[in-house]
Amino acid sequence: MSELVQKENLALYLDAVTRFKRNIRGLRPEPGDSRRTFYDKVVAGGAMCSGGVWLFSVPELLLGDGDADYAEVCRLFPWIPLPLLETCNMLFHYLALADAKDWSSRCLDAMASASEEDLRWGYWEFVIWCLNDPDLGLRPHMEPADLPTLDAAAEWALGMACGETAEKPTITTAQKEFAWRSYVRFERRDAIKALEEIDGGLFVFYLAETNRFCFNYHRLKSIAEKLIEFIKNGAAVV
């Protein structure tokens, strides 16, 4: 990408972020049940509006278009990795509206000051942290038989940070059966689901489910803050 194109794309992005901040300030949920009622907060993705529930999304608010999708955002801002955008959108949907307003703005601002390499490094370093952190990560919820899969996923994520294109590791048939058919040991089940969805936005959803964010909201906020931290620190890793 030429320097001129980079500047043009960044100018468009900064305009879009300004629009996003204006649009998200305009969200005024009315009394009523949100689409998600896991905790006693109004979530951003389920703000009640007249006539029912509108599910806002980061792409819609970013572009000011109710029909906006990831493909359009990635076309306009090609240095933003799709998994990062999906992850931001997933966190946006599950953070309380008051938290999402501040967090989303800071997250998008961090993206504006990062290069494509910074964002790639920062995002995949975040994923590796999600796998291994002793408090909020997946490793504490894995059985010994699961650990080789987790280690392979961490190695694959490091390769993605370096720009490699290898296929992601697959979970075993036994793990899949446990994850998708079992209704016991909630944490391990969703930890395995997170491993399977490691290259998309649902990864962070199952990470949050593993941490029972519906009963422990500060854990979800901690995960969201870590994403911004890794985006900002991406350049220091390269």
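Modeller: Let's start with a word we will need: a residue counts as buried when its relative accessible area is under 20%. Please keep in mind that this is a predicted model.

Biologist: Thanks! With that in hand, what percentage of the protein chain's residues count as buried?

Modeller: The figure is 50% of the 238 residues.

Biologist: Now for helix packing. What describes two packed helices?

Modeller: The general idea is to give the angle between their axes and the distance between those axes. Here, take helix H4, residues 82-94, and helix H5, residues 97-112: they pack at about 165 degrees, and their axes lie 10 Å apart. An angle over 145 degrees counts as roughly antiparallel, so that is how H4 and H5 run relative to each other. The crossing of H4 past H5 is right-handed.

Biologist: Which residues make the contact?

Modeller: H4 contributes Leu84, Cys88, Leu91 and Phe92, while H5 brings Ala100, Trp103, Ser104, Cys107 and Met111.

Biologist: How do the residues of that contact divide into nonpolar, polar and charged?

Modeller: For H4 with H5, 8 are nonpolar, 1 is polar and none is charged.

Note on methods:
Residues are numbered from 1 along each chain as its sequence is written. This is a predicted model: local features need pLDDT of at least 70, side-chain atom pairs count only at pLDDT 80 or more; totals for chains, interfaces and linings use all residues. Side-chain values use heavy atoms; hydrogens and water are left out. Buried means under 20% relative accessible area, exposed over 50%, partly exposed in between (1.4 Å probe, protein chains only). Axes are lines fitted to C-alpha atoms, for helices over the stretch in contact, and angles run from 0 to 180 degrees between N-to-C directions. Helices (H or I, at least four residues) and strands (E, at least two) are DSSP runs, numbered from the N terminus. Angles under 35 degrees count as roughly parallel, over 145 as roughly antiparallel, 65 to 115 as roughly perpendicular and the rest as oblique. A crossing is left-handed if the near helix is turned anticlockwise from the far one by less than a right angle, and right-handed if clockwise. Contact means heavy atoms within 4.5 Å. Ala, Val, Leu, Ile, Met, Phe, Trp, Tyr, Cys and Pro count as nonpolar, Asp, Glu, Lys and Arg as charged, and the others, Gly among them, as polar.
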